[in-house]
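Me: I am new to this structure and would like to go through it with you. Could we start with the terms?

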Amino acid sequence: MLIDYDGRRFGPLSDDRGEAARVAVYQQRGDLLWGRFAGGDARRGTLVGSVEPDGCLSFVYGVVLTDGRIVSGRCTSVPTLLDDGRVRLTETWERYGEHAASGTSYLEELLPDPSLPPTGDTTA
């Protein structure tokens with residue numbers, strides 16, 4: 001499944017981990033993926049990884065939470081195309097260190113927000 005993630009915005013489908021207000025913005029050049037996220041319990045987070053030919057994502061992430069904790073981990077995301085053309089990601093994640101955990105989360109592409117400027121982030 002060929003998907004271009006560049007500029008796409010994603011949000012969680014549920015608030016199972018305090019992430020309801022999180023928004024992630026992905027950037028892509030070739031098979032290189034990077035992004036940023038914030039909102040909910042995340043003050044600021046970043047990710048970097050790769051896009052496989054089948055559209056699956058593999059990346060590492062780091063985030064500073066609102067309670068001051070710094071969390072890092074890895075994630076593999078499998079895309080599903082929705083009927084309206086948006087993408088849903090099934091994420092299998094693992095958090096490292098003192099706050100170690102693992103699980104599955106679901107992100108869904110957000111509809112374009114005309115009030116937001118284009119991402120314009122072309123820095124890898």
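Reply: Buried means under 20% relative accessible area, exposed means over 50%, and partly exposed lies in between (1.4 Å probe, protein chains only). The model is predicted, so local features need pLDDT of at least 70 and side-chain atom pairs count only at pLDDT 80 or more, while totals for chains, interfaces and linings use all residues. Residues are numbered from 1 along each chain as its sequence is written, and side-chain values use heavy atoms, with hydrogens and water left out.

Me: Is arginine 74 buried or partly exposed?

Reply: Arginine 74 counts as partly exposed, at 46% relative accessibility.

Me: Which residue does the side chain of arginine 74 meet in a salt bridge?

Reply: Its partner is glutamate 94, at 2.9 Å from N to O. A salt bridge here is a side-chain nitrogen of Lys or Arg within 4 Å of a carboxyl oxygen of Asp or Glu. Arginine 74 lies in strand S6 (residues 70-81) and glutamate 94 in strand S7 (residues 87-95), so the pair ties together parts that are 20 residues apart in sequence. Strands are DSSP runs (E, at least two residues), numbered from the N terminus.

Me: And how many salt bridges does the structure hold?

Reply: There are 8. One of them joins aspartate 41 and arginine 22, at 2.8 Å from N to O. Aspartate 41 sits in the loop between strands S3 (32-39) and S4, and arginine 22 in the loop between strands S1 (9-12) and S2 (23-29), so this pair connects parts that are 19 residues apart in sequence. Arginine 22 is buried, with a relative accessible area of 15%.

Me: Which residues are linked in a network of salt bridges?

Reply: Asp84, Arg86, Arg88 and Glu108 are. Within this group, the closest N and O atoms of aspartate 84 and arginine 86 are 2.7 Å apart. Aspartate 84 is partly exposed at 49%, whereas arginine 86 is buried at 18%.

Me: Changing topic: how many aromatic pairs are there?

Reply: A search of the whole structure finds 3. Rings of Phe, Tyr and Trp (its six-membered ring) pair if their centres lie within 6.5 Å; planes under 30 degrees apart count as stacked, over 60 as edge-to-face and the rest as tilted. Tyrosine 5 and phenylalanine 10 form a tilted pair, 6.4 Å centre to centre with 45 degrees between the planes. Tyrosine 5 also makes a tilted pair with tyrosine 26, at 6.3 Å and 50 degrees.

Methods
Helices (H or I, at least four residues) and strands (E, at least two) are DSSP runs, numbered from the N terminus.
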